[in-house]
Amino acid sequence: MSGTNGWRLAFGANVVEGGTEFRVWAPASRSVDVVLYGPDAEAVHPLGREEDGWFAAVVPGAGAGTRYRYRLDGADAYPDPASRSQPDGVHDPSEVVDPSPFRWTDEGWGGVPADELVIYEVHVGTATGAGTFDALVERLDEIAALGATAVEPMPIAEFPGHRNWGYDGVFLYAPESSYGGADGFRRFVDAAHARGLAVILDVVYNHLGPEGNYLHAVTGGQYFTDRHHTPWGDAIDYARRPVREFAIQNALHWAHEYHVDGLRMDATHAILDDSDPHLLQELSARVRESLPEGRHFVLIAEDERNERRVLLPQPEGIGLDGVWADDIHHQLRRHTAGDHEAYFSDYTGSVEDIVRTLRQGWFYEGQESQNHGAPRGTPADGLPPRAFVHCIQNHDQVGNRAFGDRLTESVSLPVYRAASALLLLSPYTPLLWMGQEWAATTPFQYFTDHPEELGKLVTEGRRKEFGKFSAFGDPAVRERIPDPQAPSTFESSRLRWDEAERPPHAGVRTLYRELLALRRTHPALVRRDRERFAVAALGEHALALRRTGEDGRALLLVVSFQGPLSVDLDAVEETRASGAPWDLLLSTEEARFGGDAEGEIVRLSPQGRLEMGGAGAVVLEGASDALSV
């Protein structure tokens, strides 16, 4: 990776020549001291008052490894909200970190273009037995061999306890100590780049966790505002410049100190900011301006509004590169697994609606939503397919189920393989959830490690939340939902990588590798624009998706979620061959992919009639004239 254009964090603890500069925003305080903790005694150093509530001073002799807190008005002392390291947890002193000694080996790394992203989402704590950055490095070769081009860790900001999804983080600048801390994360990013993998970090700018959040105390409550309310309480006050800078500097911090290649920003619809420009507009512009020309850096939103403005370039829009577009997941899950309660009630799961979602990128473009109680969405016309991140599983869609069960617990492997082919061969950006590529059987459950009183409320709230589902109406049934606070809930969520070597899992992994190799190399798939693909329904349980390359070669994916299927391809405009007939390239139900080893699975006549004996997908190759949609 090229240089950092001289970027430096504007606050926190920064090692300088001869000592460390400490700088903190404490607008409600008259005086602030930094308290340094040594082996035998505390050393107290007053910070000088600056304008707008800032306090700062250089403390000679303080360096990397120094433990410290800020004492306000001679009373209580708190960890640094901008701490780079909390080695003993969220309530203990912060640690000075000097990023400069780390020896990066990624010189020349420029990131991965948005068009080439295949994102592999992981939870660091459960992705391996050790649950650390270094242990995950040992799995990067397998992730790269799969065909993924980016790894997306769930949030790693220091959180309370040792077990958490990461969305309860309270020190946004400090990589989680139980995962390996600052240098552990640097080693992980450097190792990913060595394997050609980008790192897209999940970050949270809409709220902070309830335990160990000292921003309220240090700022005298001025970090938050009661003008807006979120599901987590008062909103963060992004109308204040120091608060705004805290988020923007955080994004710059990950880009420069840790060389990350992008950010996935949690629930951007809950970042309530009336400012002009909006926080995300300024953040996007500042990050891009700070990076060298040619450096690829992506900003992806999780945003339930289906709002095109998020993706439009500035100044008309926010200027982000992508958005999690979960409509396709919801349609497919309803069709294949039958889920119909809660937000799934907004989706029919019909093949016609699946096709419509694939044509647009998302389904809701202004229709009335029962769950939102209002019209939802805006048209997707003109937005590039790469901007829509599609999935058939992610941490939310698995972990927010009562038992954390994966899709394969609800559908057959032929249906799973068919849905996987649709995900990987569409023009949209695919996101894979760790273990998905081998149809992992391990659940991913909701787990926390809060103090007893708060933990009890979390457990009760979790079980009460599922009371609105018919399957959990009985309190006795709800009691069987795993306790988020129990260590066993965390342990049962650990991946078992050895599964991938055994049938039928090994076959599913082989299928994923072949489909991703096709996506990467076939002329019909490398161009991912709206003009070169079409999709059509083939009855109540089947559809076809066609991709065409500039050289005239075409691929046709036929997906059947419930067989058998018999269809005349020449009778459907989107599937009609021109010149030479379609040739069978692969079937997801071949024995090498874990399918039925006996009998003829697929028949394709010279006249263009395709017959499939059951659920699955086939990939056909042929020639094409100009694509008509």
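## Two cis peptide bonds

Let's start with a proline: Pro 277 sits in the loop between β17 (262-265) and α7 (279-290). Keep in mind as you read that this is a predicted model. What kind of peptide bond joins Asp 276 and Pro 277? The bond is cis, and its omega is about 5 degrees.

A cis peptide bond also joins Gly 563 and Pro 564, here with an omega of about -5 degrees. To find Pro 564 in the structure, look in the loop between β26 (553-560) and β27 (565-568).

## Positive phi without glycine

Now turn to phi. Asp 73 is not a glycine, yet its phi is positive, at about 50 degrees. You will find Asp 73 in the loop that lies between β7 (67-72) and β8 (77-78).

Ala 342 is another residue to look at: its phi is about 55 degrees, a positive value, although Ala 342 is not a glycine. The loop between α8 (327-337) and α9 (351-360) holds Ala 342. With a relative accessibility of 30%, Ala 342 counts as partly exposed.

Next comes a sheet. Strands of a sheet pair through backbone hydrogen bonds, and the pairing can be parallel or antiparallel. In this model, 4 strands make an open sheet with antiparallel pairing, and their order is β1-β2-β6-β5. Its edge strands are β1 (12-16) and β5 (48-49), each of which pairs on one side only.

How many bridges join strand β2 to strand β6? There are 7 between β2 (residues 19-25) and β6 (residues 54-60), and the two strands run antiparallel.

Which residues of its lining are closest to its centre? Of the 16 lining residues, they are Trp 7, Asp 98, Pro 99, Ser 100 and Glu 257.

The edge strand β1 turns up again here: β1 and α6 (241-257) each give at least two residues to the lining of the second largest pocket. By type, the lining residues of this pocket divide into 7 nonpolar, 5 polar and 4 charged.

Conventions
Residues are numbered from 1 along each chain as its sequence is written. This is a predicted model: local features need pLDDT of at least 70, side-chain atom pairs count only at pLDDT 80 or more; totals for chains, interfaces and linings use all residues. Side-chain values use heavy atoms; hydrogens and water are left out. Two strands pair if DSSP finds at least two bridges between them. Buried means under 20% relative accessible area, exposed over 50%, partly exposed in between (1.4 Å probe, protein chains only). On a 1 Å grid over the protein atoms alone, a cavity is a set of points where a 1.4 Å probe fits but cannot get out, and a pocket is an open set with protein on both sides within 12 Å along at least five of seven lines; lining residues have an atom within 4 Å of a point. Ala, Val, Leu, Ile, Met, Phe, Trp, Tyr, Cys and Pro count as nonpolar, Asp, Glu, Lys and Arg as charged, and the others, Gly among them, as polar.
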